[in-house]
Amino acid sequence: MCHTLMGCAGGTFGLKLKSRQPDISSLRRMASETLVEVNDLNFSYGERPLLRGINMTMHRGKVIAIMGGSGSGKTTLLRLIGGAIVPTSGHVKVAGEVVHKLNRDDLFQLRRKMSMLFQFGALFTDLSVFDNVAFQIREHTDLPESMVRDLVLMKLQAVGLRGAHDLMPAQLSGGMARRVALARSIALDPLLIMYDEPFTGLDPISLTVIGNLVRRLTDALGMTSIVVTHDVQESLKIVDYVYFISDGVIAAHGTPDEVRESVAPFVHQFVHGEEDGPVTFHYPAKAYASDLKLETGLA
Amino acid sequence: MPRRVAIGIRGIGHRVIDSTWRLGYASRFFLLILLKSGTSLRRFSLVIRELYFTGVLSLIIISVSGLFVGMVLGLQGYETLQRFGAESAVGTMVALSLVRELGPVVAALLFASRAGSAITAEIGLMKATEQLAAMEMMAVDPIARVVAPRFWAGVISMPFLAAMFSVVGVFGGYLVAVVLIGVDDGSFWSQMQNAVDFRYDIVNGIIKTCVFGVAVTAVAVFEGYDASPTAEGVSGATTRTVVTSSLVILGLDFALTSFMFRGMS
């Protein structure tokens, strides 16, 4: 009997890992294999540039965090990696394929190897927990229903919600919905999972649970995880590498230890949540006095 | 003054361009639905599920409305026809009014209000809650998986709902004219049977309902899919579905009637 969440997750994936268990050399090879490559990426909404000259390399088996303030272009970057939008210039390569050059059929083929966890789960509200997790399996495979059932229950066991398979999404708490969405996103054992703010709005227990699940599942399945988040402390515990985006460019990057010790003003402000720093409190505006029509400034 | 005129003309130009663009986008969307209907046809259970929501759940409002419309027709028909001593023709009047016009049109208007608005709201909310985006990321086409089944369910259920409306309406007319007022039972049914022509009345009525079904459901799914992903956007799209569908139904009804019933006795 598994008492802890990790024990349950490990128990479930033990079966899968028997056939997948790589030796040390293949683990090393896997870690050096580049899964996602972002080269000189630029993206603009109309005239407004959102991302400028972004370069990133993400290896297999790693958890990579992308951090930055609201509106800094983190989610846009995920959408570019997933091929939901097309870059203005530059490119994103996933598993060796330039994403924006793929036609729709090839893009859909590539997307079978990737998955995305949306901010609030994006569960299908008209389907039960079981059917949500089974959705992708039923759509993309011809497996018999008995096997679909086994697979779904294994995925739900991994996130600790096997007992909730009959519930509807409306009956789940925020943390449970996020875990079901996580089970759904690993349904077809993807190479890459993108998490869009997975920690938003969660209580501390759920937050730790989701964070640990991200790490464990990445290790167990040998996939790559890209986590877009604001939650510095939680993500630094689980990630291998961090990119900070500010004003559409990569402001800093490094391992969690490098980030913690960084004296770069932006990183320091972000990691310690300081009000003053390179990120200003005020949105750009003309002089306060002139807005209030005071000729001699503030009285 | 010339500057204001220029701004006005520019505004009109923008609206015309936007409307044309939107019309083109809607036409392209409609074509995509047809092209991607293979999934719906191969996995017909998806359509059957939607038939329940759009068709079966609309039965009550359609039946109750049909009953009352038929009863009113019976009352009004009797009131007018008895002035000419032709009260036995009330069955003919009720049946022709329902089969040719009121059945298809009122059923379509009710369908737009109940099922059309529900389809728009559902698809719009799926968009707002990123369910459609999630589906795209799972390499599942939302037009094939979500939109097309709803479209075909609407198209299939509309003729049946209109038929139900007419049948219940005729029964309502019978209740008032025969049971309550006392018009002769035999002449009510026999005159109706003689006057209603299968090809020119019933088939034309069915054609109308099919056209209305396509129009209402196409508007509903398009508005839902095109809705801004906000509460305001979804509510606006739902309103537009009802307004646009109603106007399209009435406009199409005039066009179809003018083609179908030219000088037929």
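Modeller: Two strands pair if DSSP finds at least two bridges between them. Please bear in mind that this is a predicted model.

Biologist: In which sense do strands β3 and β8 of chain A pair?

Modeller: Strand β3 covers residues 63-68 of chain A, and β8 covers residues 224-229 of chain A. Five bridges join them. A:Ile64, for instance, has A:Ile226 in β8(A) as its bridge partner. The sense of the pairing is parallel.

Biologist: Which strands are the edges of the open sheet in chain A?

Modeller: The sheet has six strands with mixed pairing, in the order β6-β7-β8-β3-β9-β10 (chain A). An edge strand pairs on one side only. This applies to β6 (114-117) and β10 (249-254) of chain A.

Biologist: What angle does the direction of helix α7 of chain A make with that of β6(A)?

Modeller: Helix α7 (residues 174-185) of chain A packs on the sheet, where it touches β6 and β7 (192-196) of chain A. Its direction and that of β6(A) make an angle of about 175°.

Biologist: How far apart are the end C-alpha atoms of helix α8 of chain A, and why does that agree with its number of residues?

Modeller: Helix α8 (residues 204-221) of chain A has 18 residues. The expected span is 1.5 Å times one less than that number. It should therefore span 26 Å, which agrees with the distance between its end C-alpha atoms, 26 Å.

Biologist: Which residue follows α8(A), and what is its phi?

Modeller: The residue after α8(A) is A:Gly222. Its phi is positive, near 65°.

Methods: Residues numbered from 1 in each chain as written. Chains lettered and ligands numbered in written order. Predicted model: local features only at pLDDT ≥ 70, side-chain atom pairs only at ≥ 80, totals over all residues. Helix = DSSP H or I, 4+ residues; strand = E, 2+ residues; numbered from the N terminus. Contact = placed C-beta atoms within 7 Å. Axes fitted to C-alpha atoms, helices over the stretch in contact; angles between N-to-C directions.
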